[in-house]
Amino acid sequence: GPTADVLIDSSGGGKTVLVVGDSHANFWRQGFTAYAQEKGFTVVFVTKLSCPWMDIPALAPQSQDTLFDCQERLWDPAIEAAKEFTPAVTVLASRSVLSRDLLVDGKTIYADQPGWADVVAAGTQKALAQIAPFTNKIVIIEPMPETTTSMLDCLSTGANPASCDQAVDVKTGTQEFEAITRAIAANNPNVLSVSLDDLICPDDVCPAEVNGIATHRDNQHLTWDYAEAIMPQVDALFAKQGAPLS
């Protein structure tokens, strides 16, 4: 449907963690839910596939002229959830910010073009300012490391898992976006910009399999099982910067 998918798991009780974003927020569902039950906190997911959480004029997928109204589809429901649950931690995740073209003054601009970073920076600041009054800490998960092709395709042939490992392929706009979120975090003690690169692809190499678990379901999304397996390390990274989940 046009509006966000909302999942509330309060079985863990305790404080609330809100997770907002596109498919790069969605693949954490199983992991956060299991971890919340184990550690005793409530998790609320507000996700919409292909929607950036930032307030940016993103074009609809496969469209050159129609805006994809993610304010209505994702961000309004996210703000409502933040007001209702006043989360201790809000986790924001988006790859769509890199893959959606923007419509600015009647012109389409892409991630490597002049002006793109300015529009994204302004939209990021605006979104953070809207949700900040209703949450304690905000954790921005920086864009996930990607590979050129799907390592799962290689694993499915029965190849030796190690032979399926791939080097990181840095998506256009990644470094510009990280510079934006890191600058915001440097000036705001309640905003963290967290990289999972070293956890998921140490030394710029992504393992296809870890402890018998396939890591990625395609060239950019983690598998649900692997996302669940690394939750303790993810929590440790958040905690190190002052926003523990548990």
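Mentor: A search of the whole structure finds three disulfides. Note that this is a predicted model, where local features need pLDDT of at least 70, side-chain atom pairs count only at pLDDT 80 or more, and totals for chains, interfaces and linings use all residues. Residues are numbered from 1 along each chain as its sequence is written, and side-chain values use heavy atoms, with hydrogens and water left out.

Trainee: What makes Cys51 and Cys70 a disulfide?

Mentor: A disulfide is a pair of cysteine sulfur atoms within 2.5 Å. The sulfur atoms of Cys51 and Cys70 are 2.0 Å apart, and the pair forms a disulfide. The link is left-handed, with -90° about the S-S bond. Cys51 sits in the loop between β3 (42-47) and α3 (70-85), and Cys70 in helix α3, so the pair links distant parts of the chain, 19 residues apart.

Trainee: How do you know where a helix or strand begins?

Mentor: Helices (H or I, at least four residues) and strands (E, at least two) are DSSP runs, numbered from the N terminus.

Trainee: Why is Cys51 called buried?

Mentor: Buried means under 20% relative accessible area, exposed over 50%, and partly exposed in between (1.4 Å probe, protein chains only). Cys51 has 0% relative accessibility, so Cys51 counts as buried. Cys70 has 8%, so Cys70 counts as buried.

Trainee: What about the disulfide of Cys154 and Cys164?

Mentor: Their S to S distance is 2.1 Å. The link of Cys154 and Cys164 is left-handed, with -75° about the S-S bond. Cys154 lies in helix α6 (residues 151-155) and Cys164 in the loop between α6 and β8 (166-167), so the pair ties together parts ten residues apart in sequence. Cys154 has a relative accessible area of 24%, so Cys154 is partly exposed, whereas Cys164, with 2%, is buried.

Trainee: Why is the disulfide of Cys201 and Cys206 called right-handed?

Mentor: The torsion about the S-S bond is about 100°, so the disulfide of Cys201 and Cys206 is right-handed. Their sulfur atoms are 2.1 Å apart, and both residues are buried. With bonded cysteines counted along the chain, the disulfides follow the pattern 1-2, 3-4, 5-6.

Trainee: What makes the phi of Ser50 worth a remark?

Mentor: Most residues other than glycine have a negative phi. Phi of Ser50 is near 75°, a positive value in a residue other than glycine. Ser50 lies in the loop between β3 and α3, and at 25% relative accessibility Ser50 counts as partly exposed. Asp203 also has a positive phi, near 55°. Asp203 is in the loop between α8 and β10 (205-206), and at 73% relative accessibility Asp203 counts as exposed.

Trainee: Why is strand β4 called largely enclosed?

Mentor: Five of the five residues of β4 (residues 89-93) are buried, so the strand is largely enclosed by the rest of the structure. Val89, Val91 and Ala93 are buried on one side, and Thr90 and Leu92 on the other.

Trainee: How do you know which strands pair with β4?

Mentor: Two strands pair if DSSP finds at least two bridges between them. Five bridges join β4 to strand β2 (residues 16-21), and these two run parallel. Gly21 has Ala93 as its bridge partner in β4. Five bridges also join β4 to strand β7 (residues 137-141), again parallel. Thr90 has Ile138 as its bridge partner in β7.

Trainee: What does His24 touch?

Mentor: Contact means heavy atoms within 4.5 Å. Not counting residues up to four places away in sequence, His24 touches Ala93, Arg95, Met144, Gln220 and His221. His24 is in helix α1 (residues 23-26), and at 4% relative accessibility His24 counts as buried.

Trainee: Which lining residues of the largest pocket count as charged, polar or nonpolar, and how many of each?

Mentor: Ala, Val, Leu, Ile, Met, Phe, Trp, Tyr, Cys and Pro count as nonpolar, Asp, Glu, Lys and Arg as charged, and the others, Gly among them, as polar. The lining divides into seven nonpolar, two polar and eight charged residues.
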